[in-house]
Amino acid sequence: MKNAPSILWFYRDLRLGDNAALTGAIARGEAVIPLYIRDGNDDEGGASKWWLHHALENLGSDLSACGAGLILRHGKPLDILRRVIAETGAKAVTWARRYEPELAARDAKIIAALKEDGIEVVVHPGFLLFEPEQIKTGGSTPFKVFTPFSKACFAAPAPAHTLAAPKKIKGIEAIASDDLVDWKLIPKTAWWVKGLGDDWHVGEKAAGRQLQHFIKSNLMGYKTARDRPDIAGTSRLSPSLHFGHISPRQVWHAIHHAQDASPACAQSAHRYLLEILWREFSWHLLCAIPDFTTQPLQKSFMQFPWLNDDAGLAAWQRGQTGYPIVDAGMRELWQTGWMHNRVRMIVASFLIKDLLIDWRIGMAWFWDTLVDADLGSNTASWQWVAGCGADASPYFRIFNPTLQGEKFDPQGDYVRRFVPELAKMDAKFIHEPWKAPADVLAKAGVVLGRTYPKPIVDHATARARALKALKTSKGEDGQAPESEDLFE
DNA sequence: TGAAATGTTGGGGCG
DNA sequence: ACGCCCCAACATTTC
């Protein structure tokens, strides 16, 4: 065993700092082989692939600087691991735990097979703050309500302190590696590629700077500014957390530290920690409910009469619904790969309630277009808005896009930024241009139905329709009808 | 981490 | 002075 290198299998922990698997591999005292495997079944969306490309580029250069270059391989993970083991004489494989139910099941098989081969396998905790087994109700079941879940997290033993990034990693003589460019993660022709590059800095160092900037400039006002898409009041750390350029533990401790240093920001800091815990809650739910990504948690929604509305879906995706706050959000998503959280709720409510389109269709669009697309958060959040998830917003909580716009984008600056055809519209009418008098429209250079669409649905009518659909789906007596055929 | 409908209250204008 | 109406402003309930 002496002098045998170990393989460090990266996945969503693309950083050197606070990386328990990396620290553990180095602590063995032998060479480390950093490996990233691209599985044929990977199903990231376009925006995520763009991010992944830059993330791997960045991680590779950070690792090289430490003395152990990143090996890229494409294929079935077990096959690749066995091949690299054969090429290098490695006797151990280390990685960070994966929580996706399918990947967890796959990993269990890989662990068994490697052990059969006589290889040591060490799996460290992964991209969460707490292991799902660690946070349970008094009855040892997973929490289904957020508030008690968050209290249990705050009451649990604090997440371990963070680990320093290694300065040096003992490497091996070079072995073959794919060329990242050949993975074609970045589409050649898509025009949005440039937009993403303008908006984001990818990698561990950039994530660290982003966190410090957030704490210094925005944490104090976070509690209220977080709901304002016209203000840069959020951390924008979601993609970095997803890809693991920063760990939730690093964020957790940094926020606590800021809270201790400046008690004035205590409320805002707490609010931010709750948001981190929503991410945690989502993943714990997904671990407990393997079909969470495809089936409504509340089974009464199995027979909800969703509509097939290709025209409505296309208008939503392109930001052409005629509701300015919805269109601004959808265009922000398409142009920057990200959308402000408040606006995510508004556009999701619009798709689900106003258009009666299945939440899974909206979820798929977010999956493809978000740079922070995350299986846990995306699933739990869409179910939450639809009213069929855990601790969900009641179905009848239907956002009025006009009121939401007026409340959270009071001057219309957010709309003006992403819906330039309304840039000159009077703030009084920017969230409901269809109500603007002719002279106001003329002055703004807006011709409804030509330069900017008329609303594709009337909200009041759509709201009534949504409430009726809910009633129908739940049956006359308010109980869910029996419908075994839906499971076929 | 809603919105709309409905109910209640109290001040002011006014006959 | 008094009753009546109007209608904010708020509170409650309903979806």
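Reader: How do helix 14 and helix 16 lie relative to each other?
Author: This is a predicted model, in which local features need pLDDT of at least 70, side-chain atom pairs count only at pLDDT 80 or more, and totals for chains, interfaces and linings use all residues. Residues are numbered from 1 along each chain as its sequence is written, while chains are lettered from A and ligands numbered from 1 in the order in which they are written. The axes of helix 14 and helix 16 come within 9 Å and cross at roughly 60°, where axes are lines fitted to C-alpha atoms, for helices over the stretch in contact, and angles run from 0 to 180 degrees between N-to-C directions. Angles under 35 degrees count as roughly parallel, over 145 as roughly antiparallel, 65 to 115 as roughly perpendicular and the rest as oblique, and helix 14 and helix 16 are therefore oblique to each other.

Reader: How many nonpolar residues are in the contact of helix 13 with helix 14?
Author: Helix 13 (residues 324-336) and helix 14 (residues 341-354) pack at an angle of about 110°, with their axes 9 Å apart, and are therefore roughly perpendicular. Their crossing is left-handed, and the contact is made by I325, V326, G329 and M330 of helix 13 with V343, I346, V347 and F350 of helix 14. By class, the contact includes 1 polar and no charged residues, and the number of nonpolar ones is 7.

Reader: Is D18 buried or exposed?
Author: D18 sits in the loop between strand 1 (6-10) and helix 1 (20-27), where helices (H or I, at least four residues) and strands (E, at least two) are DSSP runs numbered from the N terminus. Although not a glycine, D18 has a positive phi of about 45°. A residue is buried if 20 or more other C-beta atoms, placed from the backbone, lie within 10 Å of its own, exposed if 12 or fewer, and partly exposed in between; because D18 has 22 within 10 Å, D18 is buried.

Reader: What is the phi of L356?
Author: L356 lies in the loop between helix 14 and helix 15 (359-369), and is partly exposed, with 19 other C-beta atoms within 10 Å. L356 is not a glycine, yet its phi is positive, at about 55°.

Reader: Which residues is I398 in contact with?
Author: I398 belongs to the loop between helix 16 and helix 17 (401-408), and is buried, with 20 other C-beta atoms within 10 Å. Leaving aside neighbours within four places in sequence, the contacts of I398 are S349, K353, R463 and A466.

Reader: Which helices are included in what covers the buried residues of helix 15?
Author: The buried residues of helix 15 are W359, G362, M363, F366, W367 and T369. What covers them includes helix 2 (46-66), helix 13, helix 14 and helix 16 (375-386).

Key
Left-handed = near helix turned anticlockwise from the far one by under 90°. Contact = placed C-beta atoms within 7 Å. Nonpolar A, V, L, I, M, F, W, Y, C, P; charged D, E, K, R; others polar.
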